[in-house]
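Here are my notes on the model you sent.

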Amino acid sequence: MMAGSQWELPPELCCRPMAFVALTGLDVVYNAVHRAIWDAFCANRRADRVPISFKVLPGDHEYPKCRTKRTSYEWYIPKGILKTGWMNKHLNLVPALVVLFYELDWDDPQWKEKQSECATKVEIVRTSLQGRNTKVAVVLIQKKTPLPPGEDLVASERAATLCNACDLSGKSLFVLPHTDHLVGYIIRLENAFYEHAQTYYYTEIRRVKSHKEFLNKTTHQLLFVRHQFKIAFFSELKQDTQNALKYYRTAYSLVHELRAHETNMLEIKTMAGFINYKICRLCFQHNTPLDAIAQFRKHIDLCKKKIGSAELAFEHAAWMSKQFQSFGELFDEAIKLGLTAIQTQNPGFYYQQAACYSQDRKQQAQQLCQAGATHPSPEPGDTHTGGLDFYGQRPWRQGHQSIEPPDAEKEKTGILALQIKERDVPHSELIIALLSNAVAQFKKYKCPRMKSHLMVQMGEEYYHAKDYTKALKLLDYVMCDYRTERWWGLLTAILTTALRCAYLMASVKDYIIYCMELLGRASTLKEEQKMRIEKNLIQVLMNEVPDAEPECDPSSDGAARSLWSDRMALSGSNELTIEVQDYVPFIQCKARFQSPSFHVDQPIQLQVFLQADCPHPVSFTKLAVSLSNQEYNQWCVVESAGQESMSLLPGKTKCHNFSFVAKTEDVGKKIEMTGIELMLGSDSGRCVFVSWRGAGGDAASTHEALQASRSSRRWGRGVEARQELDWDSMTMQPSTMIISRVPKISVQLSHQPPALNNEMYCINLTVQSQEGVVAKDVKLTAGLKPGQDANLGQTTHVTLDGSKVCDDTAPALLPDVPLGDLKPGAKLERCVYVKCVSTGSRVFLFHVAYSIDTTVEGRQIVCKCHKDETVTIETVVPFEVSVKFVSTKFEPLDRVVVDIPFLLMTDILSSSPWPLLLASSSLQLLTMNTNTPQLQSQLQEVVLQTDECASECFCLRCPPLVNCNNTVATGQYLISWRRKSSSANSPLIQTAVTLPHVILESVPLYIHAELPSYGRVRESLSVRYHIENRTSLVQEVEMAVEPSDAFMFSGLKQVRLRILPGTEQQMLYNYYPLMAGYQTLPQLNISLPRCLTANTHTLRRFLPQRIFVKPQGRQLDDASIAAA
């Protein structure tokens, strides 16, 4: 058992009290039926079953003897508050109910004999419980299922007989049929047992309460506390937790009313701790955590000053630690059961406080417990509670309640024995365990700084416990956080402890790392301390044993020196590589390429800056920069010549410059610094390679650079005026891009935007060389710039051939078109033609690449140069075409009559900013016929300026169609055009406009009129009407002429006639105009009685409506002409 376990709370205090029921008469080993019954009671108890603790005991089991009941307390002086065995006695030894199991059926043939045997067994149980209020019950194990109550008269009679023989009440006799429903019967039995147990504990509570009238507050103060505790404990057994809490609170108040002195202080604190534990546990159980926290704070406030004997002060610290630990465990248990904790109130704080008191205990034990003392002989008794009668008393003076100890010499010897025992307690283990619990809680509730703080304490405890490996592991973990948050003072303290650990372990690499960091700018050590550490570091680099660290345990120093000597003797371990990127070492390094990019014909310049922060100059033998392309590494190394080494002066910046020529195949690639390595020491001693990732910098560099940039913005020009380079404001440039040589050619583009839809748009490219030598292998890549909308690539076509319109197979980008060589000052021109099928904005790229020979730092290289030009071109529609159908009278048509002429009107509206030449136009008809024998374009060679419109008119006729639908396609209108400004041999662009569909209509009669173009007043005007039957039937036609004020007429005013299929009738009328001007002709009304679907209005639209009538003329003589 671990030393110090006397402070552990007894298990009977910490468990949940449950009613104790003893089961007798069960042979669970050899009888299968009895075993099944016992398993039903004990196995897989769910939370909804009554809280009872069962135990199988033999029938003649000896229960604890009951002491003679006290009739008076007049002369009684109590020896203590609570006996150490009392709680265990009522939890596990004295049952509330003893149940006798007996196999007996109601119809058993040997009923009489078995009844007597059962009564005898009951009597034996009663005898062993003499003086106790424990209840006795009998359970008859039967094979048959009983009948419902009242139906089995034999059972009722024999049950009454058995109760009389055993002196039992009817409520204490039970029947247990061993059937398939055994568990159900057992649960019913349990409930009955629970009621009996409740009655027992209620009786016990009343018995304890009855003692109160015999007590007085002068001599029986301890009994007041004892009785209240017992009542509360019995209430818990009875599962009456509300009353239990009330009595525990009363007991707690009474225990602090006791007169405290040095001899009974431990007993008072022990009992106060027990009662406080019970109160807090019940508060958490009742889901009132704030009450539990308030009670615990009150408990600590009342007890923290009750130290007791100054020579045993460590005991008080141990007791206080246990109080906090126990409360933390209760709190954690409640959280697991569903309680919600918060960041500022969680079990971690209580574990932390417990660890603090354990640390106090350790310090006090070191002060009070003398190392040279030996155990007294004979030893004054066992300090563990197992040898005590009352909780919290000393083994050498048990039962004494006097203020002064009865035997001063024995008291002194006892204290000495406790001090010697305390010396053997593994304090560091206790502290680490508590801190570990606290760390786990703070991690759970996201309190990183608290977690780091406690991990430092754990590391220090491991150091004191001489477990240096675990100490270093913890401290290393925490140092990362402190570096990130820049707690330099804390970091220095932790590094000092870590350095001691590394020294005592003889861990060379760790020792060097911590020395480097303690010498660095983040360390807050004094100058003389840094000088001592630097001296030790130099010794290690020379493969010598360093001096011991101050404050190291002298007993461990010898072993450490021996380990160091072994390390120095080992061969093959004299080279170490230390990554310092995550530390703050005493050598700072920053590197940069002098430019974010270099042309391939320029040497690449690289600078490495070093600065030492230690008290004395530092020597190094090699500096190397590693690059992403390892072929360049050979140019970025500097080594000391011979025996001489390079050195860094404290606080002074040293710069090393490197230069190399890039390879032409690396054009377009990035060169990065992958690391920088500085070699300390020498081959004769120990080589330490200090390595930085990337371009240098360490854990503190980022923040220092940020601070420097802020101060430079604040002070402005003052910083620029400094002559010396400011280290913090120096920026790192870890990578550079190799870019192609600057081209010395000019690329010019000339064109006339915007581009017109579908035209061969010409872009003139002029390339002129300004190189001093021949530009070889000149190539052109021209076309749509990659990375634009994918649809543009399908609707853009590029070609160099402008003699014809390119088709859809032409690419959107022409790659690597060879243009030959270009001599110095020479010029070449090319035309690139672009066809844009859709409108919108496009970006075109013109990439001219060539090779040229050049020399860089004496090396002949071939440079590839290129020049890019981009141009954004908008594509617009050249013209808008509108089409409409009209009648021969130029009236709009929504339907076309079969086989009757109509007109197609086209309008071309120019939207181009440049003049357009319309070369020709034509119709491609599908179902229509033209009425014109030789159909010629009316727009041939017409030039359209912006917003000008050109119109054409075509006379068409729709022939009768077989299987014709209502709607038919007309065809296409084709326009050939080009820009006016383009050359005469430029290809013509043909634009096809799909003509709208027409709705066809058939009429039974077609009527048209023959009449002169004009009439004259008072002169006869002949009008002939042609009426044609277009059906296969004879049509009857009724015609009537409506009179008009503007005309007189002669002819049939109303007539009815028949027209044979496919024939024509003519009607002649003579109109006599009466008025001049545009006059409405007399209306001809036609109706078809046999064709009801015919529309008179449709027929009327074929007839002329008006005619122009000239005034009446007269003969002019010569005189009138002369007068005019």
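1. Which backbone oxygen does the side chain of Gln142 reach? In this predicted model, the side chain of Gln142 comes to 3.1 Å from the backbone oxygen of Leu104. Gln142 belongs to strand E4, which covers residues 135-142.

2. Is Gln142 buried or exposed? Its relative accessible area is 3%, and the cut-off for buried is under 20%, so Gln142 counts as buried. Beyond its neighbours within four places in sequence, Gln142 is in contact with Leu104, Asp105 and Trp106, and also with Val175, Leu176, Pro177 and His178.

3. The search for aromatic pairs over the whole structure gives 36. One of them is Phe41 with Phe193: the ring centres are 6.2 Å apart and the planes stand at 20°, so this pair is stacked. Phe41 sits in helix H2 (residues 32-42) and Phe193 in helix H6 (residues 182-209), so the pair ties together parts that are 152 residues apart in sequence. Phe41 is buried, at 0% relative accessibility, and Phe193 is buried, also with a value of 0%.

4. Phe296 and Phe327 form another pair, with ring centres 4.4 Å apart and planes at 15°; planes under 30 degrees apart count as stacked, so this pair is stacked. Phe296 lies in helix H10 (residues 289-303) and Phe327 in helix H11, and the two are 31 residues apart. Both Phe296 and Phe327 are buried.

5. There is also an aromatic cluster, made up of Trp86, Tyr200, Tyr201, Phe229, Phe233, Phe234 and Tyr248.

6. On cavities, the count is 8 of 30 Å³ or more. The largest cavity has a volume of about 80 Å³. Among the residues lining the largest cavity are Glu262, Met265, Lys269, Ile307, Glu315, His316 and Arg394. Helix H9 (265-285) and helix H11 (313-336) each supply at least two residues of this lining, and H9 gives the most, with 3. By type, the lining of the largest cavity has 4 nonpolar, 3 polar and 4 charged residues.

7. The second largest cavity holds about 60 Å³. Its lining includes Cys15, Arg16, Pro17, Glu236, Lys278 and Arg281. H9 gives the most to the lining of the second largest cavity, with 4 residues. That lining divides into 3 nonpolar, 3 polar and 4 charged residues.

How values were computed: Residues numbered from 1 in each chain as written. Predicted model: local features only at pLDDT ≥ 70, side-chain atom pairs only at ≥ 80, totals over all residues. Heavy atoms only, no water. 1 Å grid on protein atoms, 1.4 Å probe; cavity = no way out; pocket = protein on both sides within 12 Å on 5 of 7 lines; lining within 4 Å. Points joined across faces, edges and corners; volume = space filled by probe spheres on them. Nonpolar A, V, L, I, M, F, W, Y, C, P; charged D, E, K, R; others polar. Buried < 20%, exposed > 50% of the residue type's maximum accessible area, 1.4 Å probe, protein only. Polar contact = N/O pair within 3.5 Å; in protein donor to acceptor, adjacent residues only side chain to side chain. Contact = heavy atoms within 4.5 Å. Phe/Tyr/Trp six-rings, centres within 6.5 Å; stacked < 30°, edge-to-face > 60°.
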